[in-house]
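Here is a short report on one protein chain. Look at the structure first, then read on.

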Amino acid sequence: MAMAPTIPTLFLLFLSSKFPFSSAQTWIKSGYWFPSGELPVTDINTSLFTHLICGFASLNPSTYQLSISSSDAQSFYTFTPTVKQKNPTVTTLLSIGVRSVDSWTLSSMFSQSEFRKSFIESSIKTARSYGFDGLDLFWLYLIRTLNTRSEMANVATLFDEWRLAIESESANSSGSQLILTMAVQLSPYLNNASFPIESIKKNFNWVHVVAFEYYTPTSWNYTAAFAALYDPGSQWSTESRINAWIDSGLSANKLVLGLPFHGYAWTLVNSNDSAIGAPAKGPAITYDGCMRYKDIKAYMQESGAVSEYNAAYVVNYCVIGSSWIAYDDVEVVKNKVAYAKKRNLLGYFVSQVENDDENWVLSSQAALEDKKNPVIAPEGEKNPVIAQEDEKNPRRNKRHFLLIMLPTAATVTLVLVYSTCGYVPPEYVKRGIYSTKSDVYSFGVLLLQIISGKRNNCLHGLHEDLKLLDYAYDLWRCGKGMEFMDPSLDDTNSSYKLVRCMQIALLCVQENSADRPSMLELSVMLKNETASMNTPRRPAFSARRDEDEDEVQESTSQQEICGLAASDIDSTLFTHIFCAFADLDSNTKQVTISSSNNASFSQFTKTVQLKNPSVKTLLSIGGGAADRTAFASMASQSASRKSFIDSSIKLARSYGFHGLDLDWEYPQSTSEMANLGALLNAWRAAVAAEAKSSGKPPLLLTAAFYYASSINGLIYPVQSISNSLDWINLMAYDFYDPTWAKVTNSHAALYDPSGPISGSYGVGSWIQSGMSPKKLVLGMPFYGLKLVVAVRLLTSGGSHD
């Protein structure tokens, strides 16, 4: 494949973190308490804490005022005097949580001065009337959905106004200033913006870094250290997160480290494979795998289990039958508190106090001064356990460089890239195995970053809950690969090449190294666009289940990326609805449905017919993200055509569809067009034969074709299409695309006075070629395309970009 985009220059920056010395402040030992738990306020051992946080108050979505539910009002009112009976010096804060708050309400409140004023004044009034010494903002997951620069500017404005109001209230009353704190996510960086660091620095006393939930068994198909202090194979660790906040400009002495007093239980695929990173198949013991520390200890005692301590990650875990439980025990807490001191952090917070055991063993350990100098990593140094392993195993200590071949139109550019966190393949992370396919994995990650312009160390997607690899795969699976691309990339021919690069990258990041291509195969695929490619499976380190698993769970995130749920479709507005996409297996030439789509596809017809029993459903095969060469190969041989046809009919019947739709984009030669005609003729004959033998109505056969009857000078086999298909869906859209178009124009014009690129021209060309108008269905795009105008010379179509 000839690629013309400019090859970006790659730099590797090693930045020395600078950690300012903390000023003379109280070492924070705080903890969250919730009235919904089992621990009464009177039973809290307040001598172990300097600050106790009561949660949650909520935001009224109508008045934008702070509110406390009637069920919580009494316990909130007595919270401060109760905890101060045992420890008069303890400080209390009221935490404002996410109850009854959505991102729209939050955005609205941030953007309007009167709404901000309502929130601020009510929060101060509530804190004073309930006797709290401060306020804590726990909106980390909602705030990160407001990821534009303008929205973050509004967030900064709220913070500024909140601090000014607190200072003003204190000056006009006899009370001391309320403390203001905030819980923050793993990283200060968002997709399109970053947290307002300067505003946080000057307005908040400190921030609580939620240093856990890096992995959970409902989202990850392997065991993991969900609150790892270090991670030798990725950036998902407390060390990385603390560095990110400090590098963003927030002082170390503004950070309070989170300690989880809970753990997570995974169900092992093989109980004999129980190391960190072992294959797993969902949560164990509880519905989501989450367990309180005291329950974990009781469970272990009952079963006689022994705890293992992993110093590389700084985590405890135990194995009980097929259950694998990760948690923080005394040794972990001791090392994390020592780490916080060494890094000059302000302290730690506990989530949550009621999860400790009856002897307060974790809280007591955290409160003790660490006198034994536990193994920790000083700033700028490796985790010493990993350093020791490097000395024992020279392979680990090598600097691995990637030899990357980036073809241009005439040459192949070689780029050397140091393999660092986020690029390390799963076999090396889990088992220390390194091979030639390991560099292929690293190349795939790099290629995804190049074509998207997105960070590998950030979360992506609608709710920013997907790693880059998962986000890329979900968009590719939905046929929305171009939404992943960096708009600045200039591909003067078609978007097909970029999506092909995306598919190549996804093949490189497969979990099993045997499923990845070699570097030689990569070179062939990049230079030759007719070279065949396999269909990628879920990438390594995926937040979803492995596609080979029998137990399938529907992916909410993929639904959000691909569209609305089938149950939400107003099927009364349609006569036919297409369910997309089934896949073509490039090896067997059979039509398949991925396990991630299996549940939704099998229920699709029944679901949409609940509202409209007369609606017909069709299963669409292929799509814009599918491998064009796989279809060309399948159609070229009668045996492979038969395999495709037989499997498609069987799938349609077993899943309850009324028909089949072909989306092959697009045949690229005269022979491929002829083979398309042969495929359609054989398909119609097989459908008729199956209907006769089964006694069922024949399946509908349709196809999505180019808007005109010829593409790149190649004429569609009109006679075979007319005889074999019930109708064709004309893709009368995407005439112009921001990735290559250099002028603004209508991407789906019905008419074009200046040329033949329009829906009306396309319909006319099909009719002129011999196709009956009654066989043509006009495509209407329910989306638009955005282009950036560099110099606005005109105000209508034709403005130069």
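## Helix α7 and its surroundings

Helix α7 is followed by G249, whose phi is positive, near 115°. Helices here are DSSP runs of H or I with at least four residues, strands are runs of E with at least two, and both are numbered from the N terminus. The model is predicted: local features need pLDDT of at least 70, side-chain atom pairs count only at pLDDT 80 or more, and totals for chains, interfaces and linings use all residues. Residues are numbered from 1 along each chain as its sequence is written, and side-chain values use heavy atoms, with hydrogens and water left out.

Is α7 enclosed or open? Eight of the 10 residues of α7 (238-247) are buried, so this helix is largely enclosed by the rest of the structure. Buried means under 20% relative accessible area, exposed means over 50%, and partly exposed lies in between (1.4 Å probe, protein chains only). The buried residues of α7 are T238, E239, R241, I242, N243, A244, W245 and I246. They pack against β6 (179-184), α6 (197-203), β7 (206-209), β8 (255-260) and α9.

One of them, E239, has a side-chain partner. A polar contact of 3.2 Å joins the side chains of E239 and R343. Such a contact is a pair of N or O atoms within 3.5 Å; within protein, one must be able to donate a hydrogen and the other to accept it, and residues adjacent in sequence count only if both atoms are side-chain atoms. R343 sits in the loop between α9 (330-342) and β15 (347-351). R343 counts as buried, at 1% relative accessibility.

## The whole chain

The protein chain has 25 helices and 26 strands. Of its 801 residues, 54% count as buried. Take the contacts between residues at least 6 apart in sequence: 73% join residues at least 24 apart. Contact means heavy atoms within 4.5 Å.

## Two packed helices

Two packed helices are described by the angle between their axes and the distance between the axes. Helix α3 (113-129) packs on helix α5 (149-171) at about 40°, with the axes 10 Å apart. That makes α3 oblique to α5. Angles under 35 degrees count as roughly parallel, over 145 as roughly antiparallel, 65 to 115 as roughly perpendicular and the rest as oblique.

Which residues meet? On α3, they include F119, I120 and I124; on α5, they include L158, W162 and I166.

## An open sheet

Seven strands form an open sheet in the order β19-β18-β20-β21-β22-β25-β26, with mixed pairing. Two strands pair if DSSP finds at least two bridges between them. The edge strands, β19 (591-592) and β26 (776-778), each pair on one side only.

Strand β18 (576-584) pairs with β19 in the antiparallel sense, over two bridges. The bridge partner of D583 is T592 in β19.

## Backbone exceptions

Most residues other than glycine have a negative phi, and most peptide bonds are trans. Where does this chain depart from that? A cis peptide bond joins A580 and F581, with omega about -5°. F581 lies in strand β18. The bond from E665 to Y666 is also cis, with omega near -15°. Y666 is in the loop between β21 (659-663) and α23 (670-694).

Y64 is not a glycine, yet its phi is positive, about 60°. Y64 lies in the loop between β2 (51-59) and β3 (66-67), and is buried, with a relative accessible area of 5%. E213 also has a positive phi, about 65°. E213 is in the loop between β7 and α7, and is partly exposed at 26%.

Note on methods. Axes are lines fitted to C-alpha atoms, for helices over the stretch in contact, and angles run from 0 to 180 degrees between N-to-C directions.
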